Amino acid sequence: MDAFVTAAGLVLDPNVLWVIVASAAFGMFVGAMPGLTATMATALLVPVTFFMDPVPALGAIVTATAMAIFAGDIPAAMLRIPGTPASAAYTDESYAMSKKGELDLNLGVNLVFSVLGGMIGVALLIVCAPVLAEAAINFSSFEYFWLALLGLTCAIFMTTGDPLKGVTSLIFGLLINCIGIDPTAGHPRFTFGSVELLQGISFIPAMIGMFALSELLRGAVSVDERNVVLAQKIGNIFHGVWSVLKKYWFNFLRGSALGVAIGALPGAGADIAAWISFAISKRFSKTPEKFGTGHIEGIVDATSANNSALAAAWIPALVFGIPGDSITAIVIGVLYMKGMNPGPTVFLQNPQFIYAVFIIFVLANLLMLPLGWAAIKSAKQILRVPRNVLLPIILLFCLVGSYAMTNSFYGVLIMLVLGIIGWLMEENGFPIAPAILGLVLGEMLEQNFMTSMIKADGNALVFFERPIAGVLGVITVAVWGLMLWRGFMGRKATLAPT
Amino acid sequence: MRANDAINGLILILLSVAMIAMTSTFPAFPGQPYGPSLFPRVLGTLLIMCGVLLVWRGLAARRSGAGWVEMAPWTRQPWRVVSFFLMLGSLLLYILVGDAIGFIPVAIVILLALFLWFGVRPLSAVVTAVVATFAIHWFFATLLRVPLPRGVLDAIL
């Protein structure tokens, strides 16, 4: 309880509140701009948070991402371009509603259910995280090895694209992580005599490069393609939302629950939660034929799911130090920078920070209502910011941001090189998120793998001897088996017609 | 630029082989069979397996008519290609001359060049470039104390 009071004091400091409001506005803007993702918002924020105290730093990230995930719904409805990938699942549905003249209702539902879904996610984060942390305190290197591996496995299993390319991307990320001093023996690896490579591939510039620069490169070649805002007056967006809630309360609960479950899985984030819950909504709907014609039901499920997933992704991040999605992957980097090593011990050593995160989450979701309303009202102006002005400024931001992380041109160089690699990967169908997870989890995986190998003296069976490690190991192996089977079946299916 | 998976796979295999070859120079743990080379070797082997599967798939796609390298439509419009390389070139310019000339002049030049190339009207391009540069400089260098290179403006700042 003391920790809670301390945390409340930390959060309610006027400076922190100012940071929260400012990053909320930033998140709204980035989320609403097509082509700029919530992950990019976080990546751009990190260099700024680097210079803050832990609580405002976490506050900035939590608020900006929560807003961005909601704000992505606005251009989805008005332009048929999702502002962030998390809104892609129901973009067509939203746009169809707008064309039917139900833009107000659609945006109102998006806003209210995002807030409610976010609240459910936070509630479960508050309940689950400490309980899990208690169990996690007894974990040894074997459990952590399996957890990290399971996390990485889920990341691939959940990618919507090609699993083989997901695996490749992941291993590539793990390999990049091998550059630098190795964690067990302290021997420099793949540094080619360079002093700067000794510190390894700095994680934040890598992230800015892969997520933001590659996006800017795509934007640069299509800068003249104009966005046409659907000309429609926005009236009272809250009109009719209550009756939607009364009619579709079960969809809301189901979407939020699914969001939490998927968000808490390492590697699967808000966008996957939205896709799956939209699909489930359609599958179990009493009126599946209405889907695609501008029907609110699936939107209720999916818009609740993506916001609840966002909070739930913090569960594995805080408890085990394993990122739930690409955003929490960045958060883990920030936690390390702030000296709060994510993992169960953070609940013992810095409980006030954990409570602060909880409080900020609740605040961010409450703040979403008025700010979201304002964003919707001013959406036409936001969406009119010309991209030919925006792209160069964001480029400069990326440049300064990655410079700030190393205080040298080395950071900019990492960003440039990994930005090009990230762009090439996306062009060729290799997803970027697994590579980033590999880069984040690589050290934890290697350290625990090496420690366990030395403890077990190379005997693989020891990896299964402790009860929790055994269960985690079996699950991991089972998921791998399922993936291979799915890959095999998929191959047969594609070969069948020829 | 979309390359056939056979090419992607081949690149990965070559990369992994080179990497595994490099691990042979790593020292062993005294009295311990698992040293710094173990993890990269495991990863390298896995990546080679992925590479082989990609090559196999790429060759199958090739047989059914897919090309080796497929360029995106924008690559046929020269000015879009220039846009692409201007973005990368700006970063390279900053890395190369940023230290000597300093953040403010280089950033203004980069922004101005990109704005004009992307068709922003000259007057607003100049104003936006100057305002954005000073705003970002103020935010990072003054507020957050990032030691952005001062270059030629060292005496003034």
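This is a predicted model: local features need pLDDT of at least 70, side-chain atom pairs count only at pLDDT 80 or more; totals for chains, interfaces and linings use all residues.
Local features require pLDDT of at least 70 and side-chain atom pairs pLDDT 80 or more, whereas totals for chains, interfaces and linings use all residues. Side-chain values are based on heavy atoms, without hydrogens and water, and residues are numbered from 1 along each chain.

Rings of Phe, Tyr and Trp (its six-membered ring) were paired if their centres lie within 6.5 Å, with planes under 30 degrees apart classed as stacked, over 60 as edge-to-face and the rest as tilted. The count by this rule is 28 aromatic pairs over all chains. One of the pairs joins F50(A) and F51(A); because the planes stand at 90°, with the ring centres 5.1 Å apart, the pair is edge-to-face. On the scale of relative accessible area (buried under 20%, exposed over 50%, partly exposed in between; 1.4 Å probe, protein chains only), F50(A) is partly exposed at 32%, and F51(A) is partly exposed at 29%.

The rings of W146(A) and F464(A) have centres 5.1 Å apart and planes at 45°, so this pair is tilted. W146(A) is buried, at 6% relative accessible area, while F464(A) is partly exposed, at 32%. Both residues belong to a cluster linked by ring pairs, which also includes F142(A), F145(A), F449(A), F463(A) and F39(B).

A charge was taken to sit over a ring if NZ of Lys or CZ of Arg is within 6 Å of the ring centre and within 35 degrees of the ring normal. K165(A) lies over the face of F430(A), 5.0 Å from the ring centre. R283(A) is placed over the face of F284(A), at 5.1 Å from the ring centre.

Terms used. Chains are lettered from A and ligands numbered from 1 in the order in which they are written.
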